[in-house]
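Subject: A structure for you to look at

Hi there,

I am passing a structure on to you, and my notes on it follow below. Have a look at it before you read on.

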Amino acid sequence: MMFSNVEGSASRNFFYTAVIWMAIGMSFGLFAAVLLIFPDLVKNIPVLEYFTFGRVRPVHTNLVLFGWLSGAYFATLFYMVPRVCGTKLWSERLGNFTVVFYNLLMTAYGVTLLLGMNAGREYAESTWVLKLLTVVMFALVFFNVLMTFANRKEKELYVTAWYMLGAIVTAPVIYVIGNQFLLPTNPITGVNDAVVNWFYGHNILGYWFTPIGVGAVYYLLPKLTGNPIWSHKLSMIGFWMLMFVYGPTGAHHLVNGPVPYWLQTVAIAFSVCLIIPVWTVLTNFYGTMNGRWGAVKESVPLKFTVTAMVFYFITCFQGPMQSLRSVSSIIHFTNWVVGHAHLAVLGTFSFIMFATIYYALPRLINREIWSAKLMDWHYWLSLIGFTLFFVSLTIGGLVQGSDWAANQSANFIASVINQRPFNIARAFGGAMILGAQVLFIYNIFKTATAGRVFSGESAEAGSIVAGV
Amino acid sequence: MGNKFERNAALLGLGAFLLLAGAIVATVAVPLMQEDLYAASPSSPRYSGMYADGKPISSQVARGREIYIREGCWYCHTQQVRTLPNDAAFQAPAVTLDDGRTVGGRPTRPEDYGNDNPALLGSQRTGPDLKYVGHRLPSKEWHIAHLIDPRSTEPNSIMPSYAHLPADELDALAEYLLVLRDWAVPVETLAKYPGPNILEATDDILPEEYQGLVNPYSIDDAAVLARAEQLIEDAGCLQCHGPDMRGMTAEDGWGSPPYPTNWYEAGKTHSDQFIFWVISEGTLKEDGSGSGMPAWRLNGLSDEDRWALTTYIKWLGTQE
């Protein structure tokens, strides 16, 4: 067999390749941000001139969402599910085959999108055939994970397992409906196309990016702090409320727009209710930290986790407020929303994945993280860069929305001119974020090639740093 | 109960699935069953002979739409006018028909999208909304010039240049942008075209609402003239009217008539009201012919701005 059967190899390989896709995806994001400052940057340069903002943006979003974050999530599933089930991954060979499949698919995503093969639906831009293959990719991963669940030794399902099972059952439904049942003809048209697009666009966050991320924190926090989960009851409320409340919220992306008023109202009501599962989960996380806050100082994975929890709080307070008609009337269509989206997928879920990689990789390859100093740099540069990025987009969005409200959009160009300083600050923030990830990837590379042998006890309670 | 879900993975999965299924029924299936979302609307291009069976019958328009999708124009331009005063400038002009009905001048509704596939509502407004751009900017020449070099028509634009696209693709894109309009508003009702040679037109053709207006400024007011000069620079007027403000002709490399007007001439021969009218409404015909002069009333210049420009041109008329 050409695919490795070594325990942990599929998870490790997914982590390795996901961080590469992150660097590529973020580079396209930075490139897009720079194009907003220098619109004629690529003009008259052969071939490059085709890579205008509209071609670059989908490459960025698709590669960071499916290449980086989903790839890291697959690795997390392969790492955590066997451990909470007290068994091995059902098939490392299938897992490693999926790694290759996913890398080829992501390459195809990038190439086709750069060539302008765009389906015209946000976050569902890839062509029909690639969507079918995306479903195959998810199916290969989920089948492997479900078989692992079926073979579990640990009969009691831990909270992490609920979230991961929940995602496995619901995310494919969201993807298939949101991508028009994978039919090449796209049977749903008109405003209903937008309704379905946002059902997908928002719920792929709610039923894929959220549950795996939250599930990973439920796994990491007790490991990193040595504390048990604070409240079992809150865990249950948080999980079931998430599954119940998230689904109908998609139309809040179309508030004040040309979709039925009742549909907007339903979306707004459920969006506001999202506060319940989010605050329940966060209360539980903060409770679990009780008496162990001091550990944050010593452990970079814990730093990333706790920071992600703060960002999760902000993003999930913003979300319900943004859905309100009055708030939406100012911030909708502005840079504020771009900041909000990055707060969720970068500030929250990507940070959780950084923590997961720092925790899981030493255990997968039996090596200590190469440099504790680089780990710290990765954290601080990511945090400062992201804060600059987020604050400039948020304030910029408020300025933009106010510009439109003040003159009823009659002097539209004023809103473009006024965004310039914010666009520049945002690109600087983005460059810092990307720089942090370059350090991160270098550290991972050195860990894999030159890391010292991992000593189990030094890494417990997040004392990876102390061990160096 | 909790205990059961925590031991039985299938039960847990089923529970999660059923909760999501409820959301799908309520927010995906029910809207799909709402017939009125597909109801015929005279505002939608589909029902005015432009489109048939949901497909535009002009292949060039259809091609333009495909290019619009391919180049990702829809990431920065919405095509929805919300039910908010903030979006007022993006509405189609309100017009009262002979039978007393008023058309245009409203936010977009579900039926305005017919069975667009995909529907291009957009989610971000880095650039202006385009749902009714065909009313605001009905000149194909203007659109093509704008696509080739956005900074030539709007110096502060951050739109990419599409100079690298073949000429027929630019033509298709412009064709598509021109059909983005409210098709319930009759084309002829909106025509306010002063004729191909503006300098020969007289106050006789001045629309009623522009007759009798009074210029609040005097040509002796240096502050107004300075303000006008700033506006001219910001709006990029001289890209067409020439750096010396004496217009452009074939000799200056301008392709074909109508030629951009010589302001020194216009200031001598025309009334304040006429100049104010041309600046306000542009010289474009609603069918897309005419010249590329935009209707500045709809493009960010206030009444005071346009009067200041009028005053400046009248002042030029007194200079050599």
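Some ground rules before the rest. Residues are numbered from 1 along each chain as its sequence is written, while chains are lettered from A and ligands numbered from 1 in the order in which they are written. This is a predicted model, so local features need pLDDT of at least 70 and side-chain atom pairs count only at pLDDT 80 or more, whereas totals for chains, interfaces and linings use all residues.

**Chain A overall**

Chain A has 16 helices and 0 strands (DSSP runs numbered from the N terminus: H or I of at least four residues for helices, E of at least two for strands). For its 468 residues, a compact globule would have a radius of gyration near 23 Å, and the 22 Å of chain A agrees (taken over C-alpha atoms; the rule is 2.2 Å times the number of residues to the power 0.38). Of these residues, 58% are buried, which means that 20 or more other C-beta atoms, placed from the backbone, lie within 10 Å of the residue's own.

**Helix α3**

After the helix comes Gly116(A), with a positive phi near 85 degrees.

Beyond four places in sequence, Val81(A) is in contact with Val145(A), Thr148(A), Phe149(A), Ala161(A) and Met164(A) (contact: C-beta atoms, placed from the backbone, within 7 Å).

**Two domains**

Chain A is divided into domain 1 (1-156) and domain 2 (161-188 + 200-468), with bounds from an automatic or database domain assignment. Their C-alpha centres lie 17 Å apart. The contact takes 37 residues from domain 1 of chain A and 41 residues from domain 2 of chain A. On the domain 1 side, α1(A) supplies the largest share, 14 residues.

Enjoy exploring!

Note on methods. A residue is buried if 20 or more other C-beta atoms lie within 10 Å of its own, exposed if 12 or fewer, and partly exposed in between; C-beta atoms are placed from the backbone. Two residues are in contact if their C-beta atoms, placed from the backbone, lie within 7 Å.
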